[in-house]
Amino acid sequence: MQSLFLAVLLSLAPPILLVDNGSRRPASVLALREVAASLSTLLDGRDVRPASLGFSDEVDAAALGGVPARTLRTELASLVSSGAPGAIVAPLFLGPSGGLRRGIAACQEEWAGTASFDLRVGACLVDESEPADDRVGRALTAKVLQLARRARLRFPLKVLVVDHGTPSRPVHEVRERLAGEVRELLGPRALTVRGASMERRDEPAYDFNEPLLERALAMAPYDEGDVVLAMAFLLPGRHAGDGGDVAQIVERAQATATEGKAPLTVHTTSLLAMHPLVLSVLVDRVRAAEAQQPSLVA
């Protein structure tokens with residue numbers, strides 16, 4: 001009887017759309033599906049659907065076990081047309097994504113005037129309204145220490161917290177917050193911790209992204225010896241995947257020997273999305289979104 005009651009409750013609960021930016025790389029789509037499955041388990045079997053803002057629907061389904069990837073637009077359009085009452089968006093983004101806001105707005109414009117649909121959007125993983133919540137920083141620090149043990153690195157460590165780089169100051173501030181949390185959590189186990197960006201726009205207005213990773217790896221003390229690259233990336237893709245942009249930057253930096261200095265060896269952490277602390281944040285974001293007042297879009 002209890003299992004039947006739970007099944008009825010689950011059938012009435014709105015689906016959860018786990019949304020990332022999207023990638024044309026199969027590994028990214030498969031990783032998003034793995035996160036969605038883990039989140040579903042943590043939410044007692046809730047319907048959690050992986051969806052991307054774009055790109056992933058271009059991946060050949062044959063590389064995805066025969067199951068095509070779906071975008072946020074596709075999922076929401078299907079739900080609205082089927083008469084579903086609503087859905088919850090759980091953003092798999094570290095910081096406040098303008099792309100996510102624009103993607104949701106575009107979908108809402110599509111169904112405007114055709115249905116009433118209660119769409120609730122959770123906060124991103126690092127929420128400026130919760131300054132004491134350092135779970136993502138703790139996850140990143142755990143990755144650093146795990147790598148240090150595995151590679152038998154000597155303390156204190158030299159750590160670069162690297163993200164994609166952004167035209168958005170609030171998103172940049174998330175990276176800086178994470179670097180600060182890693183610095184505090186490592187304490188005397190770190191010689192130095194600072195942030196770096198994989199890339200940036202050229203205009204002076206975006207100088208806040210400096211240093212670029214390639215420049216950071218050419219500056220003391222990061223230009224020799226063992227350096228830990230703490231990846232503020234969630235899923236593999238063109239930037240953070242095997243042979244991706246970050247890996248290529250590291251390869252070039254290591255190949256550029258500086259005379260009179262020790263060889264540079266960069267050790268890169270694994271990505272964040274499947275860490276238990278990050279999953280716990282996602283659970284809380286879903287529950288907080290469910291507790292919001294209904295936001296009907298007509």
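Student: Hi! How many disulfides does the count come to here?

Tutor: Zero, taking a disulfide as a pair of cysteine sulfur atoms within 2.5 Å. This is a predicted model, where local features need pLDDT of at least 70 and side-chain atom pairs count only at pLDDT 80 or more, while totals for chains, interfaces and linings use all residues. Residues are numbered from 1 along each chain as its sequence is written, and side-chain values use heavy atoms, leaving out hydrogens and water.

Student: OK, how far is C107 from the nearest cysteine sulfur?

Tutor: The nearest cysteine sulfur to C107 belongs to C124 and is 16 Å away.

Student: And is C107 buried or exposed?

Tutor: C107 counts as buried because its relative accessibility is 6%. Buried means under 20% relative accessible area, exposed over 50%, and partly exposed in between, with a 1.4 Å probe and protein chains only. C124 is buried as well, at 11%.

Student: Switching to helices: at what angle do α3 and α4 cross?

Tutor: Roughly 30 degrees, with the axes of α3 (residues 72-81) and α4 (residues 98-111) coming within 10 Å. Helices here are DSSP runs of H or I with at least four residues, numbered from the N terminus. Axes are lines fitted to C-alpha atoms over the stretch in contact, and angles run from 0 to 180 degrees between N-to-C directions. So α3 is roughly parallel to α4, a label for angles under 35 degrees.

Student: Nice! Which residues make the contact?

Tutor: From α3, L72, R73, L76 and V80; from α4, I104, C107, E110 and W111. Contact means heavy atoms within 4.5 Å.

Notes
Helix = DSSP H or I, 4+ residues; strand = E, 2+ residues; numbered from the N terminus. Parallel < 35°, antiparallel > 145°, perpendicular 65-115°, else oblique.
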